[in-house]
Amino acid sequence: MSLTHAYRICDLVLASNTAMPELAPATAFGAECRFELLPPGNPSDGDADWFHQWTLEENGEEEDSKGVWLRFGRTGDGYLLRFPTSGDFFVSADAATIQCRPLPGTPEVTVRHLLLDQVMPLVLSRRELIVLHASAVLTGHGVIAFAGESGQGKSTLAASLSRDGCSLVSDDCLVLRSEHGSWTALPSYPGVRLWPSAAGEVLREGTPTEDVAHYTLKRRVCDTDVLPYASGPAPLRRLFLLADDAGEISFERLPPGRAFMALVEFAYNLDIKDTAFLRRQFDTVGRLTADVPAYAIHYPREFAALSAVRKAILRHLEKDGDLDAE
């Protein structure tokens with residue numbers, strides 16, 4: 001494999017045989033993970049043991065879409081992740097090597113999106129203590145994270161806060177590390193994906209956006225002058241779970257048990273049949289919800305309300321003065 005590029009995602013160095021303009025360059029020496037884009041081809045039935053799948057509705061990639069979005073299979077030496085409309089990703093058992101064979105006609109921008117925003121969170125889940133499907137921003141009090149189903153508005157909320165003085169930490173792949181009862185959030189990579197309607201409301205007119213993938217209308221915003229990006233790890237101070245209802249702005253403190261059940265749902269997991277991994281993940285989520293305050297946040301899903309929601313969140317962080325006293 002000829003790896004001519006090296007990039008950083010979280011603090012992982014990813015070597016690649018294809019350019020990834022979405023990521024910041026890194027030194028190839030000591031790359032911990034390797035990606036190879038293979039020539040296009042049709043999928044082979046192979047010997048994969050299929051054990052799990054995501055549907056399009058669950059993934060939220062397109063509105064009103066149905067069907068299988070991603071199939072998970074085990075092979076003799078790792079995992080096969082099959083996107084039926086785009087191609088196959090092969091992940092080694094040690095999560096150190098990734099290969100992609102796209103279907104003929106699949107654009108490279110789609111391959112990069114699937115790698116960075118779908119496959120890498122699953123790969124990181126095998127390498128890190130916990131990886132959450134959550135957006136996050138760095139405030140003056142530390143990092144706050146927003147977890148919720150796809151399409152609930154995590155990215156819009158994070159982008160809105162980033163336009164108002166905060167720095168973006170993650171779009172929807174949040175890596176957390178623990179040391180002595182405190183938790184640190186790692187920045188993933190610059191950029192956020194927004195529906196055109198959200199981009200029009202949150203961003204200033206004329207902000208450059210880029211295609212995310214050929215099958216979605218979402219736009220990628222990578223300009224760090226528009227959406228500042230956190231320069232390094234920072235303490236995690238709050239977990240916000242986006243409530244399904246869209247009532248008045250309010251915050252409901254969740255007891256650890258309820259927070260645990262909610263966050264388990266939003267923890268990435270490459271292999272849901274790996275019982276040893278699940279035990280470790282459950283233990284990690286239990287410690288996280290015991291250490292970090294978690295709240296359900298209720299707010300109207302209206303662009304006109306974003307300013308009030310931002311102010312309410314920041315007031316909520318400031319109200320007790322000393323966050324560590326909770």
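1. How many bridges join strand 12 to strand 19, and do they run parallel or antiparallel? Five bridges join strand 12 to strand 19 (residues 234-242), and the two run parallel. Phe 146 stands opposite Phe 240 in strand 19. Strands here are DSSP runs (E, at least two residues), as helices are (H or I, at least four), numbered from the N terminus. Two strands pair if DSSP finds at least two bridges between them.

2. A word on the model and its limits. This is a predicted model, in which local features need pLDDT of at least 70, side-chain atom pairs count only at pLDDT 80 or more, and totals for chains, interfaces and linings use all residues. Residues are numbered from 1 along each chain as its sequence is written, and side-chain values use heavy atoms, with hydrogens and water left out.

3. Val 137 stands opposite Ile 144 in strand 12. Strand 11 and strand 12 form a hairpin, with two residues between them. Strand 12 (residues 142-147) is mostly covered: six of its six residues are buried. Buried means under 20% relative accessible area, exposed over 50%, and partly exposed in between (1.4 Å probe, protein chains only).

4. Strand 14 (residues 174-179) pairs with strand 10 (residues 130-132) in the antiparallel sense, over three bridges. Leu 132 stands opposite Leu 174 there. Strand 14 also pairs with strand 15 (residues 182-186), again antiparallel, over five bridges. In that pair, Ser 178 has Trp 183 of strand 15 as its bridge partner. Strand 14 and strand 15 form a hairpin with two residues between them. His 180, in the turn, has a positive phi of about 55 degrees.

5. Three strands take the order 16-18-17, with antiparallel pairing. Strand 16 (192-194) and strand 17 (210-211) stand at the edges, each with a single partner strand, so one side of each is left without a neighbour in the sheet. Strand 16 pairs with strand 18 (residues 219-221) over three bridges. Leu 194 has Arg 219 as its bridge partner in strand 18.

6. Helix 3 deserves a look. Nine of the nine residues of helix 3 are buried, so it is largely enclosed by the rest of the structure. Among them are Lys 154, Ser 155 and Ser 162. Thr 156 lies in helix 3 (residues 154-162). Thr 156 is buried, at a relative accessible area of 16%. Leaving out residues up to four places away in sequence, Thr 156 touches Leu 194, Ala 198, Val 202, Phe 303 and Leu 306. Contact means heavy atoms within 4.5 Å.

7. The largest nonpolar core has 43 residues. Such a core is a set of buried Ala, Val, Leu, Ile, Met, Phe, Trp, Tyr and Cys residues joined through side-chain atoms within 4.5 Å. Those with the most contacts inside it are Phe 35, Leu 81, Phe 89, Ile 98, Leu 115 and Val 119. Helix 2 (residues 108-125) gives the largest share of this core, nine residues. Beyond four places in sequence, the contacts of Phe 89 include Phe 35, Leu 81, Ile 98, Leu 115 and Val 119.

8. Two residues other than glycine have positive phi values to check. Cys 10 has a positive phi of about 55 degrees. Cys 10 is in the loop between strand 1 (5-9) and strand 2 (12-16), and is buried, with a relative accessible area of 8%. Phi of Ala 95 is near 60 degrees. Ala 95 is in the loop between strand 8 (87-92) and strand 9 (97-102). At 1% relative accessibility, Ala 95 counts as buried.

9. A cavity is a set of points, on a 1 Å grid over the protein atoms alone, where a 1.4 Å probe fits but cannot get out; lining residues have an atom within 4 Å of a point. The largest cavity holds about 60 Å³ of space, a volume being the space filled by probe spheres set on the points. Its lining includes Ile 9, Asp 117, Cys 173 and Arg 193. The lining residues divide into four nonpolar, one polar and four charged. Asp, Glu, Lys and Arg count as charged; Ala, Val, Leu, Ile, Met, Phe, Trp, Tyr, Cys and Pro as nonpolar; the others, Gly among them, as polar.

Note on methods
1 Å grid on protein atoms, 1.4 Å probe; cavity = no way out; pocket = protein on both sides within 12 Å on 5 of 7 lines; lining within 4 Å.
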